[in-house]
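Here are some notes to go with the model, written for reading beside the sequence. Please keep both in view while you go through the points.

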Amino acid sequence: MSACPAPAADPTASCHHCDAVCCRLTVVLMPEDRVPGHLTATTPEGLHVMARNEEGWCVAIDNLHMRCSIYEQRPGTCRRFAMNGPYCRSTREEYSARMRKGIALTLHN
Ligand code: SF4
C-alpha cells in the first residue's frame, strides 16, 4: 500500500488525520478476544496475534477507508490503545521520520 504523505508529529494526533500506523504494530490476542480465526496468526514464538498483510498492516484494516473492518470485535489491545497517548505519538513520530527518509516502515514492539 502506498501511504499518504507522512503526518507531521504533533500534540493533536487524531485518527482522522493518520495513516493508521498503530495498525502496523504487533497485536497480541488474549483468550477473551473474539476475532475471526482467519484474521489471526501464530508467531514463531507461539504468540497468537492479528495477522498482517505483506505490507505490514493488520489484515483487518479496510484499506480503502483506512479503518478497522472489525471495529466492534477489535481486540482488547486495540481498544486500550489511546489516541494521542504517548505510544500513539511516538509511533507516529517514528513513522513520520521513516517516511521523510523514504525507508520502508517496520515497527516492532
Ligand atoms: S484489529 Fe482493527 S484496530 Fe486492531 S490493529 Fe487490526 S485494524 Fe487496527
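**Notes on the predicted model**

1. Let's start with a loop. Asn 84 lies in the loop between α1 (76-80) and α2 (86-101); helices here are DSSP runs of H or I with at least four residues, strands are E runs of at least two, and both are numbered from the N terminus. The phi of Asn 84 is near 70°, a positive value in a residue other than glycine. (Buried means 20 or more other C-beta atoms within 10 Å of a residue's own, exposed means 12 or fewer, and partly exposed is in between, with C-beta atoms placed from the backbone.)

2. A word on the basis of these notes. This is a predicted model, so local features need pLDDT of at least 70, side-chain atom pairs count only at pLDDT 80 or more, and totals for chains, interfaces and linings use all residues. Residues are numbered from 1 along each chain as its sequence is written.

3. On confidence, the protein averages a pLDDT of 85, and 83% of the residues score at least 70; pLDDT is the predictor's confidence in each residue, from 0 to 100. Please read residues 1-9 with this in mind: pLDDT stays under 50 there, and the model has 20 contacts beyond four places in sequence for them. Two residues are in contact if their C-beta atoms, placed from the backbone, lie within 7 Å.

4. For the overall layout, the protein has 2 helices and 4 strands, in the order β-β-β-β-α-α from the N terminus on. Of its 109 residues, 17% count as buried. Among contacts between residues at least 6 apart in sequence, 55% join residues at least 24 apart.

5. Gly 85 is exposed, because 12 other C-beta atoms lie within 10 Å. Ala 13 is 72 residues from Gly 85 in sequence, while their C-alpha atoms are 8.7 Å apart in space.

6. Met 66 also deserves a look. It sits in the loop between β3 (61-62) and β4 (67-68) and has a positive phi of about 50° although it is not a glycine. Met 66 counts as partly exposed because it has 16 C-beta neighbours inside 10 Å.

7. Which residues make up the largest nonpolar core? Its 11 residues are Val 21, Cys 22, Cys 23, Val 27, Met 50, Trp 57, Cys 58, Ala 60, Ile 61, Cys 78 and Tyr 95. (A nonpolar core is a set of buried Ala, Val, Leu, Ile, Met, Phe, Trp, Tyr and Cys residues joined through C-beta atoms within 7 Å.) Ala 60 touches Leu 39, Met 50, Cys 68, Ser 69 and Ile 70, leaving aside residues up to four places away in sequence.

8. Now the ligand. Among the residues around it are Cys 23, Cys 58, Cys 68, Cys 78 and Arg 74; a residue counts as near a molecule if its C-beta atom, placed from the backbone, lies within 6 Å of it. The shell divides into 10 nonpolar residues, no polar and 1 charged. (Ala, Val, Leu, Ile, Met, Phe, Trp, Tyr, Cys and Pro count as nonpolar, Asp, Glu, Lys and Arg as charged, and the others, Gly among them, as polar.)

9. Finally, Glu 94 is in helix α2. Glu 94 and Val 21 are 73 residues apart in sequence and 9.7 Å apart in space, C-alpha to C-alpha.
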